Amino acid sequence: MHMSELPGLVEKVSRLLEDQSSDLSSGLANVMHAVVLAEDHRYFQHRGVDYRAMVRACWMTVFRQRVQGASTIEQQLVRTLRRRYELKLSRKVTEVLLARALSHRFSKQQLLFAYLQVAYFGWRASGVNRAANRLGIILSRASSAEAAALAAMLKVPMPQSPSSRYRERHAQRVRHILSRWEVEKSA
Amino acid sequence: MTRSSEWFAQLKTAYPDPADWKTKGQIRKRDVFRFARLWMTEGIPYAFVDKPAVYELAREAFADRLHVHPKEVSISGSGRLGFSLASTKFGKPYVSARSDFDLFLVSAAWFSKLKSDAELFVARFSSGLAAPRNEPERTFWEDNVVRIPDHISRGFVNQAYVPSFDRYPNAQACYAACISFQRIVSAELSAELVRRVSVRVYRDWEAVESQIGGSLVYALRETGHDLS
């Protein structure tokens with residue numbers, strides 16, 4: 001059943017890639033990097049599914065009663081393109097299978113680029129271009145702080161009227177991303 | 001003739017004394033909006049009652065800066081009627097050396113431009129990209145980003161709530177227009193010391209009437225006037 005959805009997904013991803021520049025990494029380098037650090041830091045090591053993260057999430061849910069995310073960027077891309085967000089095991093399973101299938105058809109850079117085009121960053125900020133526009137960021141020249149601010153919005157989407165609580169949560173997320181960035185640099 | 005309250009029917013001057021208002025019987029809410037429409041948006045403001053030409057020159061300078069018609073520019077606040085209509089200082093007289101000039105501009109185009117800048121400022125401040133340089137800025141900005149979306153939904157943007165930085169060119173242009181207004185007034189009225197000029201940009205006249213009339217209704221209620 002899930003495989004019947006694959007051609008449609010492949011077509012959607014291909015369409016998203018039509019607008020891409022010849023070198024994906026040049027324009028969005030910092031933003032892509034920040035999104036990987038924020039959402040899926042083993043992105044370049046797995047093939048669509050992060051089994052380590054899944055085991056950790058299951059462990060945390062069962063033994064610590066803490067719900068943790070384990071979705072890879074490919075899985076998030078599949079979820080966004082399918083527009084299916086229900087809390088069902090069947091949805092999760094098909095998402096995993098479709099994410100794996102997509103990762104065999106497209107490169108990591110392509111899938112990341114496609115995800116950025118459709119990801120939800122907040123009010124009037126669907127897709128990285130609109131999100132950057134909302135923050136007055138020029139994507140090709142985004143600093144690490146700007147890239148982290150954008151990446152943080154994936155977990156903490158910005159509402160139309162952000163509250164002080166929102167600002168705190170967003171700032172916390174930005175600090176988390178930038179500290180990972182620092183650790184990575186020093187390593 | 002359309003019915004109106006005694007209070008409204010007995011208004012005889014362009015600058016009525018607010019002290020009389022409590023003795024003039026019940027005030028109808030609809031009349032407050034009528035009052036806002038004429039007394040608070042049209043004619044020569046109290047602050048310029050002796051020097052209307054200065055006012056016209058100053059608003060012309062303001063309008064030139066933004067390429068709008070001078071008739072789209074007016075004054076609200078205590079400079080309009082000669083006393084404050086804010087609930088916290090209702091009736092407090094206008095003092096030229098101590099009062100600010102609260103201009104307003106009615107322009108859909110400028111509302112749209114300033115709204116973009118204001119929304120950009122809110123988004124940048126909320127994402128930590130617009131960092132205040134000092135404590136007063138921190139305090140004001142935190143307050144401003146809460147108010148801006150509410151103001152936009154009511155059809156206006158206050159230029160003073162958006163920093164006049166290069167990143168916000170429309171807010172900067174509005175600020176420059178305020179400075180032009182201030183220069184004319186300061187030059188023409190030697191005795192006058194203009195403290196601060198700011199502008200509120202309204203989407204349309206409906207938003208002006210609704211906001212100014214609504215504020216007055218609130219102030220009258222808060223100060224114990226008989227309002228129906």
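This is a predicted model: local features need pLDDT of at least 70, side-chain atom pairs count only at pLDDT 80 or more; totals for chains, interfaces and linings use all residues.

Mentor: The secondary structure of chain B comes to eight helices and four strands. From the N terminus on, these elements run α-α-α-β-α-β-α-α-β-α-β-α.

Trainee: What makes chain B as compact as a globular protein of its length?

Mentor: The globule rule gives 17 Å for 228 residues, and the radius of gyration of chain B is 18 Å, close to that value, so chain B is as compact as a globular protein of that length. The C-alpha trace of chain B spans about 55 × 40 × 35 Å along its principal axes. Of its 228 residues, 39% count as buried. Among the contacts in chain B with a separation of 6 or more, 70% come from residues 24 or more positions apart.

Trainee: Why does Asn144(B) count as buried?

Mentor: A residue is buried if 20 or more other C-beta atoms lie within 10 Å of its own. Asn144(B) has 20 C-beta neighbours inside 10 Å, so Asn144(B) counts as buried. This residue lies in helix α6 (residues 135-153) of chain B. Its C-alpha atom is separated by 33 Å from that of Ala19(B), which is 125 residues apart from it along the chain.

Trainee: How do you know that α5(B) is largely enclosed by the rest of the structure?

Mentor: The burial of its residues decides the matter: 15 of the 19 residues of α5(B) are buried, so this helix is largely enclosed. Helix α5 covers residues 108-126 of chain B and reaches 26 Å from its first C-alpha to its last, close to the 27 Å expected at 1.5 Å a residue. The helix is followed by Gly128(B), whose phi is positive, near 80 degrees.

Trainee: Why is α3(B) called roughly antiparallel to α7(B)?

Mentor: Two packed helices are described by the angle between their axes and the distance between the axes. The axes of helix α3 (residues 52-66) and helix α7 (residues 169-188), both of chain B, come within 8 Å and cross at roughly 155 degrees. Angles over 145 degrees count as roughly antiparallel, and α3(B) is therefore roughly antiparallel to α7(B). The crossing of α3(B) past α7(B) is right-handed. Among the residues that meet there are Val54(B), Leu57(B) and Phe62(B) in α3(B), and Ala173(B), Phe181(B) and Ile184(B) in α7(B).

Trainee: Which element gives the most to the side of chain A that touches chain B?

Mentor: The contact takes 15 residues from chain A and 11 residues from chain B. On the side of chain A, the elements giving two or more residues are α7 (128-135), α8 (144-155) and α9. Helix α9(A) gives the most, with six residues.

Trainee: How does the span of α9(A) compare with the expected value?

Mentor: Helix α9 (residues 164-186) of chain A has 23 residues and reaches 33 Å, close to the 33 Å expected at 1.5 Å a residue. Within this helix, His170(A), Val174(A), Ile177(A) and Trp181(A) are buried.

Notes: Residues are numbered from 1 along each chain as its sequence is written. Chains are lettered from A and ligands numbered from 1 in the order in which they are written. The radius of gyration is taken over C-alpha atoms; the globule rule is 2.2 Å times the number of residues to the power 0.38. A residue is buried if 20 or more other C-beta atoms lie within 10 Å of its own, exposed if 12 or fewer, and partly exposed in between; C-beta atoms are placed from the backbone. Two residues are in contact if their C-beta atoms, placed from the backbone, lie within 7 Å. The expected span of a helix is 1.5 Å times one less than its number of residues. Axes are lines fitted to C-alpha atoms, for helices over the stretch in contact, and angles run from 0 to 180 degrees between N-to-C directions. Angles under 35 degrees count as roughly parallel, over 145 as roughly antiparallel, 65 to 115 as roughly perpendicular and the rest as oblique. A crossing is left-handed if the near helix is turned anticlockwise from the far one by less than a right angle, and right-handed if clockwise.
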